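Here is a short tour of a protein model, written for someone meeting it for the first time. Have a look at the picture, then read on.

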Amino acid sequence: MTSPRTVFFGYTGPIEPNGASRIAAALNSAANEGCEEVSLAFSSGGGYVADGIYLFNHIRAMPFKLTIYNIGSVSSIALVVFLAGTYRYCSAHAMFMTHPTSIYSGTEGQSAERLQASLDAALADDFRTETILRQNTRLPDDILAARRYRDVYLTPQQAIETGLVQGVREFTLPQGF
């Protein structure tokens, strides 16, 4: 009996349309090749909520087991992407961060209606993000409340305690890959 085919990917960069497309294309290729397991070394400072939610859902739909490793920093919407992994680990020197959704004003002189629409969109994105955090971790209410107002940083030990990761494990690429 042969062992399941495993592939290894790495990604460091923002969660934005180009990065999200590259990650999705690599995962689609692995699925199309019949891979049963994928390991992803991952580090991202975040990006756009819509692209992060897209990747979360896309990854969860993959027919293989994904082991994702935080090998640097996983921040902002990248945390939602990270939570899509079947198995989640982090380096001993990794960091996690979550925070409220930022509003980009674009230009000066926006109308009150336009500002209200931006606020409504940010609050909706915060709700989507918090829902995924609640469903996929054991983050306590005080951390979830704090993330609505400020940056909240989590160490590897806190990541274990809150269910962000199953453990501290360094990403290693097997010889020959």
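Which residues form a nonpolar patch on the surface? Ile103, Leu119 and Leu123 do, with about 250 Å² of accessible area together. Patch members have over 30% relative accessible area and no salt bridge; like charges are joined within 9 Å, and nonpolar side chains (Val, Leu, Ile, Met, Phe, Trp, Tyr) within 5 Å. Areas come from the Shrake-Rupley method with a 1.4 Å probe, and for residues only the protein chains shown count as cover.

Before going further, this is a predicted model: local features need pLDDT of at least 70, side-chain atom pairs count only at pLDDT 80 or more, and totals for chains, interfaces and linings use all residues. Residues are numbered from 1 along each chain as its sequence is written, and side-chain values use heavy atoms, leaving out hydrogens and water.

Leu123 belongs to helix α4, residues 112-136 (helices, H or I, have at least four residues and strands, E, at least two; both are DSSP runs numbered from the N terminus). Leu123 is partly exposed at 49% relative accessibility (buried is under 20%, exposed over 50%, partly exposed in between, with a 1.4 Å probe and protein chains only). Thr129 is in helix α4 too, but at 6% Thr129 is buried. Leaving aside residues up to four places away in sequence, Thr129 touches Val49, Ile77, Val80 and Arg147 (contact means heavy atoms within 4.5 Å).

Now for the charges. Six salt bridges turn up in the whole structure, each a side-chain nitrogen of Lys or Arg within 4 Å of a carboxyl oxygen of Asp or Glu. Here are some of them:

| Pair | N to O distance |
|---|---|
| Arg5 and Glu33 | 3.3 Å |
| Arg148 and Glu130 | 2.8 Å |
| Arg134 and Asp141 | 2.9 Å |

Glu130, Arg134, Asp141 and Arg148 are linked in a salt-bridge network. Within it, Glu130 is buried at 9% relative accessibility, while Asp141 is exposed at 52%.

What about the rings? There are five aromatic pairs (ring centres of Phe, Tyr and Trp, the last by its six-membered ring, lie within 6.5 Å; planes under 30 degrees apart are stacked, over 60 edge-to-face, the rest tilted). Tyr69 and Phe171 have ring centres 5.2 Å apart and planes at 70°, so this pair is edge-to-face. Tyr69 sits in strand β3 (residues 65-75) and Phe171 in the segment after β7 (167-168), 102 residues apart. Ring pairs join Phe8, Tyr69, Tyr89 and Phe171 into a cluster.
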